[in-house]
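Here is my note on the model. Please read it with the structure open.

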Amino acid sequence: MTLHPDLQPPPLERHHAVFLLREMLRIRRFEEKCAELYSATKIRGFLHLYIGQEAVAVGAMQALDAQDAIVATYREHGHALARGISAASIMAEMYGKQEGCSRGRGGSMHLFDAATRFYGGNAIVGGGLPLAVGLALADKMQGRPHVTACFFGEGAVAEGEFHECMNLAALWRLPVLFCCENNLYAMGTALQRSESQTDLCLKAASYEIPAWPVDGMDVVACEEATQRAALAVRAGGGPYFLEFRTYRFRAHSMFDPQLYRDKQEIEEWKTRDPITTFQARLRSQGLLTDDDVQRLEEEIAAEIAHAVEFAEAGTWEPVEDLTKFVYSERKPA
Amino acid sequence: MTAERKTVRLTYREAIRQAIREALQRDPRVFLMGEDVGRYGGCFAVSKGLLEEFGPERIRDTPLSESAFVGAGIGAALGGMRPIVEIMTVNFSLLALDQIVNNAATILHMSGGQFNIPLVIRMTTGAGRQLAAQHSHSLEGWYAHIPGIKVLTPATLEDARGMLWTALQDPDPVLIFEHGGLYNMEGELPADAGAVDIDRAAVRRPGTDVSLITYGGSLGKALQAAEELAALGIQAEVVDLRTLRPLDTETILASVTRTHRAVIIDEGWRSGSLSAEISARIMEGAFYELDAPVARVCSAEVPIPYARHLEEAALPQVGTIVATVREMMGAHG
Ligand SMILES: Cc1ncc(C[n+]2csc(CCOP(=O)(O)OP(=O)(O)O)c2C)c(N)n1
C-alpha cells in the first residue's frame, strides 16, 4: 500500500508549527524526567516511554475536538499530555498520589480523565478496542457527531479483539478512528516474526475500512492524515484506519536489554527523530529561531518542575478509602 | 379491605421478555445487543418479537464476537447508553472474560471513580438439558469472585420479571444468570409485577431444622427436597441467595442461627467455589450456632456429560439433598 495519494505538505504557519514542536518537546522532556524519577524510585511499576513516537500523538490529537473520545494503551503519557491532561496530575498519578488523574489507583498505564474524555490507558493488548467501538456506538445512537480515536500498537493486530472490532466497527459504520502505531516491535517480537501478513493496512482494508499508512516520524504528516481521516469519520463514513510508521527509541519498559534489535537500527531511526527533524525543518524555513527553542525549553522545564513539585507535595489516599470506587457510591434510584 | 391483585400466567422466559420490553419502553437509552437476539428471536427465544417491536437499532444482532460486543457494551455504557448485552451461554462468555474482568470490573476503581459502567449482561447458565460439557456449566460462582461487578441469579418468575429494571438502574456492571432449565417454568405473577430489590437473599420456605441455601436452577430442587423432608418430620428452611455478589451474609447467618444446620446446594463444582465461600462465611459468622458441620451438594467434579443418566448423576438432585439432610440429622440431631 502506498502513501495517501492526496498527501501534500500543507503550508506551515509559524504559530501552529511552534505549537506542534512545543507539544512534542513537552512529552519528550516529561518522559526524560519520568525515567530519572524511576531510577530515583519515585515512580514504580511499569513505565513505558513514548520517546521517538511523539509525532503521532501530537499530530493526531490536533484533529480531535473537545467532545471526541480517546482510548489509549499503557504507553499513553504522550497522548494524555497532548490531549490536555495536566502534566502535574499525570506526574502525581505516577507517584501514586491521590491528586493524580486516577487518584493513584491507575499509575502510568492507567491515566483517565473524564473532563477530556480520556478513557484510559489500557494494559491489556487489544483490550481498549472494544471500548472504543462501544463509545462510538453510543455517540452514533445518540446522534452526536463525535469521533472516538483508539490508539494501539501493531502488536494488538495479532489479537482476536482487533479483528472482532474491525469487523464490528465497519459493519455498523461506527465513528472510530483506529490509530495503529507501528513501532515494529511488540516487546521483543518483530512484526515479521509475528504476522503472516505484515501490511497492516491490508488487514483493515479487508474489513472494508479505508486504511492508509502515515509517516509517524513527521508530525505534520500525522496531523494532516488524521484531519483527513477524522473528517471522513465525522461525515458518517464509518471507521478509518491509520498506520503510523514509527519507532520507539527506548526499551519496551524500563528494564530491557534490547537483545531483539540492532543498535545500528536504533541509530538509523534516531536520525529521523520527530523532534530534531522538525526543528531542522522549521529552522530551514525560517519559522524557528534559537531564541524560540530556548524559550520553549525554559517554559517546558518550568512546567515539568512544577509537575514534580505538585507530585512531591501530593498526598496519599487514606488506606481507609482502599475499597472506595469498587462500586459507585450513588445508590440506584 | 385489600383488592385482589390481578395475576397473569406466564413463563420465566416471558417474564424476562416483559422486563426487557418494559425497559426499552421506559428508557430510550436502553438497547439489547447480542448474537441472534433479533431475527432469530434469541437462542432461547427470550427476545422473540422484540425486533419487530423496537427495530434493529435497539435490538441489535451482533457478529460472533463475544469480546467485541461485550466490550462495545462497556464502551456504550461509558458513552451514556444503558445496554443490555446478551451472551448465549456462560460458556461463551469466556471469550469475553477479558472485557468483563479487565475492563468492566476495573475501570471505575482504576479511574479513581471517574468512569462508572451502567451495563447489564445477561446469559444462560446451568445444565440439565443434555447439552454436554460446552453448554452446561455453572460458572456464575467464578464471576462472583470478581470485585466491581454484581451477580444476579433469578430463580423465580418474580425475579426474572423484576431484577432487570433494578439492574439497569445500578450505576455499575451487573451480570444476570438465567438458568436454562427455568425458561419454561410457568406460573402466576401479578399483572403489575415490577422491579424488585437485588440486595437481599430471600427465605422461600421457613423452617426450623436445617437451612437449605441455594440459588438459581437449584432452588426448585431445594424446595422439593424441603417438601419431602417435611413428610419425614424435618422442617427445612430454604434460602434463595438471589444475588451472589454482593452476598447477603446477614440473611444466611440469620437462617443458620435459627436452624443450626446448613446444607448448601450449588450446581457449580465444590472445589474453590461459591459453596465453599458460603461455608466459610458460616464458619466465620455462626460457628457456635452450628449443631453439625456444614454440608454441600454440588455438581460432581467432571465436565457435565451428555448421556442423561450421567448428567443426572453429575448434578445436585432432590434425592441427594434429602439424603444429605437425613444423614446430617441422624448423625447430629
Ligand atoms: C493481552 C496481553 N498479552 C500480553 C501482554 C504483555 N505485553 C505488554 S506490552 C506487549 C507488546 C505490545 O506491543 P505493541 O502492541 O506493538 O505496542 P508497543 O508496546 O510497541 O507500544 C506485550 C506482549 C499484555 N499486556 N496483554
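1. Where does the ligand sit? The ligand is in the largest pocket. A pocket here is an open set of points on a 1 Å grid over the protein atoms alone, where a 1.4 Å probe fits, with protein on both sides within 12 Å along at least five of seven lines. Sitting in it takes more than half of the molecule's atoms within 2 Å of its grid points.

2. This is a predicted model: local features need pLDDT of at least 70, side-chain atom pairs need pLDDT 80 or more, and totals for chains, interfaces and linings use all residues. Side-chain values use heavy atoms, without hydrogens and water, residues are numbered from 1 along each chain as written, and chains are lettered from A and ligands numbered from 1 in written order.

3. The ligand is surrounded by 15 residues (a heavy atom within 4 Å). A:Tyr74, A:Arg75, A:Ala123, A:Gly155 and A:Asn183 are the closest.

4. Check the polar contacts (N or O pairs within 3.5 Å). The side chain of A:Tyr74 places an N or O atom 2.7 Å from a ligand oxygen. A polar backbone atom of A:Gly155 is 2.8 Å from a ligand oxygen. For A:Val125, a polar backbone atom is 3.1 Å from a ligand nitrogen.

5. Now the chain contact (heavy atoms within 4.5 Å). Chain B gives 46 residues and chain A gives 41. About 3500 Å² is buried between them, 63% of it from carbon and sulfur atoms; this is accessible area (1.4 Å probe) lost on being put together, summed over both parts.

Methods. Polar contact = N/O pair within 3.5 Å; in protein donor to acceptor, adjacent residues only side chain to side chain. 1 Å grid on protein atoms, 1.4 Å probe; cavity = no way out; pocket = protein on both sides within 12 Å on 5 of 7 lines; lining within 4 Å. Buried area = accessible area lost by both parts, 1.4 Å probe.
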